[in-house]
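Colleague: Hey, I'm new to this one. Can you bring it up and walk me through it?
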Amino acid sequence: MRYPRRNALPTAVGLCAGVLTAAGLTLSTAVSAHTPLCSCYDMGDGTVLCEGGFSDGSSAAGVAIRVVDGNGNPVIEGELSEYSEFEFDKPSGDYTVVFDAGPGHDIEIHGKDIVE
C-alpha cells in the first residue's frame, strides 16, 4: 500500500510564521518598555532642575537637553549628568526644555508648565 506523499511546505510556512510572530511580540514589548521620562522643577532661586530617565528604569545620563526661546532658538545646550539631572539658570520670557534621546524619544516641556 502506498501512502500519499505529504507536502512539508505548509508546515514549514506555519512554523516560520509562528517564530516571526513570537519574535515580533518580544521586540514590540522591549520597545514599548523604553519610554522616555522627563520632569523639570523651578527651584525658586532662579534655577530650573530637570530629571530624566526611561520607563524601564534605565538612566538618561548623557542624553542631550536644550533650552530654546519662544522662536525655537537654542539658549542653553547640554546633557544630563551621571545622575540624569540638568540644572540651568531660568531664562526670561518664553522658553521650552527639549529632552532629546533620539527619534521618537524626545519630550518638550514648556516653561509656563515648570512651577515651584
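Predicted model: local features only at pLDDT ≥ 70, side-chain atom pairs only at ≥ 80, totals over all residues.

Colleague: Okay, in which sense do strand 3 and strand 4 pair, and over how many bridges?

Modeller: Strand 3 (residues 64-69) and strand 4 (residues 74-79) are antiparallel, with five bridges between them.

Colleague: Let me zoom out. How many helices and strands does the chain have?

Modeller: One helix and seven strands. Going from the N terminus, the order is α-β-β-β-β-β-β-β. The chain has 116 residues, and 27% of them are buried.

Colleague: Now salt bridges. How many does a search of the whole structure find?

Modeller: Two. In one of them, the side chains of Asp42 and Lys90 meet at 2.9 Å, N to O. Asp42 sits in strand 1 and Lys90 in the loop between strand 5 and strand 6, so the pair ties together parts 48 residues apart in sequence.

Colleague: Are those two buried or exposed?

Modeller: Asp42 is buried, because its relative accessible area is 12%, under the 20% cut-off. Lys90 is partly exposed, at 40%.

Colleague: And which side chains meet at 3.4 Å?

Modeller: Asp100 and Arg66, again N to O in a salt bridge. That pair links distant parts of the chain, with Asp100 in strand 6 and Arg66 in strand 3, 34 residues apart. Asp100 is partly exposed at 28% relative accessibility, and Arg66 is partly exposed with 26%.

Colleague: Switching to the surface: which residues form the negative patch?

Modeller: Asp45, Glu51, Glu85, Glu87, Asp89 and Glu116. Strand 5 (residues 85-89) gives the most to the patch, with three residues.

Colleague: Where is Asp45 found, then?

Modeller: In the loop between strand 1 (36-42) and strand 2 (47-54). Asp45 counts as exposed because its relative accessibility is 55%, and the cut-off is over 50%.

Colleague: Last one. Where does His34 lie?

Modeller: His34 is in the loop between helix 1 (9-32) and strand 1. His34 is partly exposed, with a relative accessible area of 28%.

Colleague: How far apart are His34 and His105?

Modeller: They're 71 residues apart in sequence, and 8.9 Å apart in space, C-alpha to C-alpha.

Terms used: Residues numbered from 1 in each chain as written. Heavy atoms only, no water. Patch = residues over 30% accessible without salt bridge, like charges linked within 9 Å, V, L, I, M, F, W, Y side chains within 5 Å. Areas by Shrake-Rupley, 256 points an atom, 1.4 Å probe, with all protein chains shown as cover. Salt bridge = Lys/Arg side-chain N within 4 Å of Asp/Glu carboxyl O. Lys, Arg positive; Asp, Glu negative; His and termini not counted. Charge placed at Lys NZ, Arg CZ, Asp CG, Glu CD. Helix = DSSP H or I, 4+ residues; strand = E, 2+ residues; numbered from the N terminus. Buried < 20%, exposed > 50% of the residue type's maximum accessible area, 1.4 Å probe, protein only. Pairing = 2+ DSSP bridges.
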